[in-house]
Amino acid sequence: MNSKFTTIVRILLGILLLASGLNKFIGFLPNPVGDFIASFGNVDYVFPIVGVLEIAIAAMLLLKKWVPFALIVLVPISINILLFHLFIDIKSIAAALLVAIFNGILIYKHWRAYKPLFLAYY
């Protein structure tokens, strides 16, 4: 489970999430969600919460702490990132695909940790 490939994917995913999470607060990368945010009106708490979650997940991945938990928390976030770029901003879908693919690879590599969730105890 600790192959070099898995380690590289985990670190790259952590770096991607850290950059994305920090960007929600500092704004150093182009932000394609301007009109999307405006559609929320006064509900401006969504992206800071997602940013905090992305930074927390990135920290867990980069520090190799609670990795299976971090990956499961990332699933709905990565699906929403992918759907957002698929339907609203298709031209910048590459990073969203990377996050979803890396998350899927790491979940597959850590599948042993998730097996008890799917076993029925009678």
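Select helix H3, residues 46-63. Helices here are DSSP runs of H or I with at least four residues, strands are runs of E with at least two, and both are numbered from the N terminus. H3 has 18 residues and spans 26 Å from its first C-alpha to its last. That is close to the 26 Å expected at 1.5 Å a residue; the expected span is 1.5 Å times one less than the number of residues.

A word on what is on screen. This is a predicted model, in which local features need pLDDT of at least 70 and side-chain atom pairs count only at pLDDT 80 or more, while totals for chains, interfaces and linings use all residues. Residues are numbered from 1 along each chain as its sequence is written, and side-chain values use heavy atoms, with hydrogens and water left out.

**Stay on H3**

Which residues of H3 are buried? Select Phe47, Gly51, Glu54, Ile57, Ala58, Met60 and Leu61. Buried means under 20% relative accessible area, exposed means over 50%, and partly exposed lies in between (1.4 Å probe, protein chains only). An α-helix has 3.6 residues a turn, so residues three or four places apart point the same way.

Now click Leu63, also in H3. Is Leu63 buried or exposed? Leu63 is exposed, at a relative accessible area of 61%.

**Step into the loop**

Move on to Lys64, in the loop between H3 and H4. Lys64 is not a glycine, yet its phi is positive, about 60°. Lys64 is partly exposed, with 43% relative accessibility. Trp66 lies in the loop between H3 and H4 too. Its phi is also positive, near 55°. Trp66 is exposed, at 65% relative accessibility.

**Go to the core**

Select Leu13, Leu17, Ile57, Leu61, Leu71 and Leu74. Within the largest nonpolar core, of 17 residues, these touch the most other members. Such a core is a set of buried Ala, Val, Leu, Ile, Met, Phe, Trp, Tyr and Cys residues joined through side-chain atoms within 4.5 Å. Helix H1 (4-26), H3, helix H4 (67-87) and helix H5 (94-109) each give two or more residues to this core. Which element gives the largest share? H4 does, with five residues.

Zoom in on Leu13. Leaving aside neighbours within four places in sequence, its contacts (heavy atoms within 4.5 Å) are Leu61, Leu71, Leu74, Val99, Phe102, Asn103 and Leu106.

**Find the rings**

Show Trp111, Tyr114 and Phe118, a cluster linked by ring pairs. Rings of Phe, Tyr and Trp (its six-membered ring) pair if their centres lie within 6.5 Å; planes under 30 degrees apart are stacked, over 60 edge-to-face, and the rest tilted. The count of aromatic pairs is three. One of them, Trp111 with Phe118, is stacked: 5.4 Å centre to centre, 15° between the planes. Trp111 is partly exposed at 38% relative accessibility, whereas Phe118 is exposed at 60%.

**Zoom out**

Show the whole chain: six helices and zero strands. Buried residues make up 28% of its 122 residues. Colour by pLDDT, the predictor's confidence in each residue, from 0 to 100. The chain mean is 86, and 85% of residues reach 70 or more. Where is confidence lowest? Look at helix H2 (residues 34-40), with a mean of 62; H5 is highest, at 93. Where pLDDT is low, the predicted coordinates should not be read in detail.
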